[in-house]
Amino acid sequence: MAMSSTGRRPRVTLFAPRIDELLHKYRGQDLFRLEADTVGVAGADLMDGLLRSRPANAEERPTFKPVRGRQVGRADASALMQAVSADVRAALGKPPGDPADLSGNWPHTPHVYLRDLVFGRESFRFRVLVDRRLELTPKLTWMAVAAGTAMLGKPGTGIPLSNLAARVLEARTYDDRRYAMYLYRRVAAPICFTVAALVTNAVWLGAPFDDDVPNRDVLLEALRLLPPSWNILRVASPEFGAVDGRIGRGDDILMLPLLSHRDPRLWGDPEDFRPERWKGLDPDTQPGYLPFGHAGERCWGRHMVMPLAERILDLVRRDGLVVDPRQRIGRVELDGLLEVSGVRMVRG
């Protein structure tokens, strides 16, 4: 359990038991054993050393890991990043005065807003690939991909396509289109998931925000206390034992920014939501601060996530949205991303 305070009315964050155990049992420790073959790491210097010891392998890259045995080459990854970057730039170039109503259930509401803002109102075969419900099981994702590939044809007249969707239609064979459809999901969905989680965590922790606190600092502090990407997995490798002799040759490593972000050796008042702390800190060099991964392998989407999240916070502030005053408890489940679920946003 953790208290989230706006400085006005405290709210309580309840973590899933496993996450709560990590926070209470291991916070402030550098290295600890989680399972017979898994070591947890939360020390800033040790995480830095381990992540520098070798680059992530193909299976450890969440977005561009192999698709059913098919490697995602550098050219494909680069083309996908360029396509989605163009879509995000176009979205951010749209006038901010849109009449979007973001009151309702978060993170679902900002997720839908982001899907439409960035990727437009594409046909169902693409829109379903960004659906949050596909996270329930990989089988649902593959069913949606297979069905969409089978129905795939030229878009109807007047239906605009995102740059990312247009790449799918460039594929000529069924196998290539299925591969491209799955990568559409891999690239498009995380942007919506991550931004929606981040802004939901931010409003839960701090809304309503003081006028003199910039969105950037609000988001950096939300990423500290509730980082959507809260762990980094590395499979057993001989390089790790050379960094720390307590790590065996067969030990997988679970690095936990969730814990280093609350380490009292690194942060003053580590449990408090204090956006003002970022006035004197550099998020790219702050020890133990890894919301987008290590300096050597930053998440490819971080330059899209932050401006999209700031746009949503602009709308929150413009419309005076706040967490429903009757909601005092928020729950963080043990899902892929760390996010407060079921937050009710209302006009203040």
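The model is a predicted one, in which local features need pLDDT of at least 70 and side-chain atom pairs count only at pLDDT 80 or more, while totals for chains, interfaces and linings use all residues. Residues are numbered from 1 along each chain as its sequence is written, and side-chain values use heavy atoms, with hydrogens and water left out.

A search of the whole structure turns up 7 aromatic pairs. Here, rings of Phe, Tyr and Trp (the six-membered ring for Trp) pair if their centres lie within 6.5 Å; planes under 30 degrees apart count as stacked, over 60 as edge-to-face and the rest as tilted. The rings of tryptophan 267 and tryptophan 278 sit with their centres 5.8 Å apart and their planes at 55°, so this pair is tilted. Both tryptophan 267 and tryptophan 278 belong to the loop between helix H11 (257-260) and helix H12 (302-319), so the pair ties together parts that are 11 residues apart in sequence. Helices (H or I, at least four residues) and strands (E, at least two) are DSSP runs, numbered from the N terminus. Tryptophan 267 is buried too, at a relative accessible area of 4%. Tryptophan 267 also forms an aromatic pair with tyrosine 289, this one edge-to-face, at 6.0 Å centre to centre and 65° between the planes. That pair links distant parts of the chain, 22 residues apart, with tryptophan 267 and tyrosine 289 each in the loop between H11 and H12. Tyrosine 289 is likewise buried, its relative accessible area being 3%. Elsewhere, ring pairs join Phe119, Phe126 and Tyr184 into a cluster.

The buried residues of H6 are Thr141, Trp142, Ala144, Val145, Gly148 and Thr149. They cover an arc of only 160° around the axis, which puts them on the same side of H6; the arc is that of the directions from the helix axis to the C-beta atoms. An α-helix has 3.6 residues a turn, so residues three or four places apart point the same way. On the other side of H6, Lys139, Met143, Ala150 and Met151 are exposed. The buried residues of H6 pack against helix H5 (124-127) and helix H8 (174-206), with contact meaning heavy atoms within 4.5 Å.

Helix H3 (residues 74-92) holds alanine 83, which is buried at a relative accessible area of 8%. Leaving aside residues up to four places away in sequence, alanine 83 touches Asn163, Leu164 and Arg167. The C-alpha atoms of alanine 83 and leucine 164 are separated by 5.2 Å, although the two residues are 81 residues apart along the chain.

As for the sheets, 4 strands make up an open one in the order E3-E4-E7-E6, with mixed pairing; two strands pair if DSSP finds at least two bridges between them. At the edges are strand E3 (31-35) and strand E6 (232-234), each pairing on one side only. From one strand to the next, the twist averages 25°. Axes are lines fitted to C-alpha atoms, for helices over the stretch in contact, and angles run from 0 to 180 degrees between N-to-C directions. Strand E4 (residues 38-41) and strand E7 (residues 252-255) pair in the parallel sense over 4 bridges, and threonine 38 stands opposite aspartate 252 in E7. Helix H2 (residues 44-53) packs on this sheet, touching E3, E4, E6 and E7, and its direction makes about 130° with that of E7.

Another open sheet has 3 strands in the order E5-E11-E8, paired antiparallel. Strand E5 (104-106) and strand E8 (321-323) stand at the edges with a single partner strand each, so one side of each lacks a neighbour in the sheet. Neighbouring strands of this sheet are turned by 40° against each other on average, direction ignored. E8 is joined to strand E11 (residues 343-347) by 3 bridges, in the antiparallel sense; valine 322 stands opposite valine 346, and leucine 321 opposite arginine 347. E5 and E11 are antiparallel as well, over 3 bridges, and tryptophan 106 has valine 343 in E11 as its bridge partner.

Note on methods
Buried < 20%, exposed > 50% of the residue type's maximum accessible area, 1.4 Å probe, protein only.
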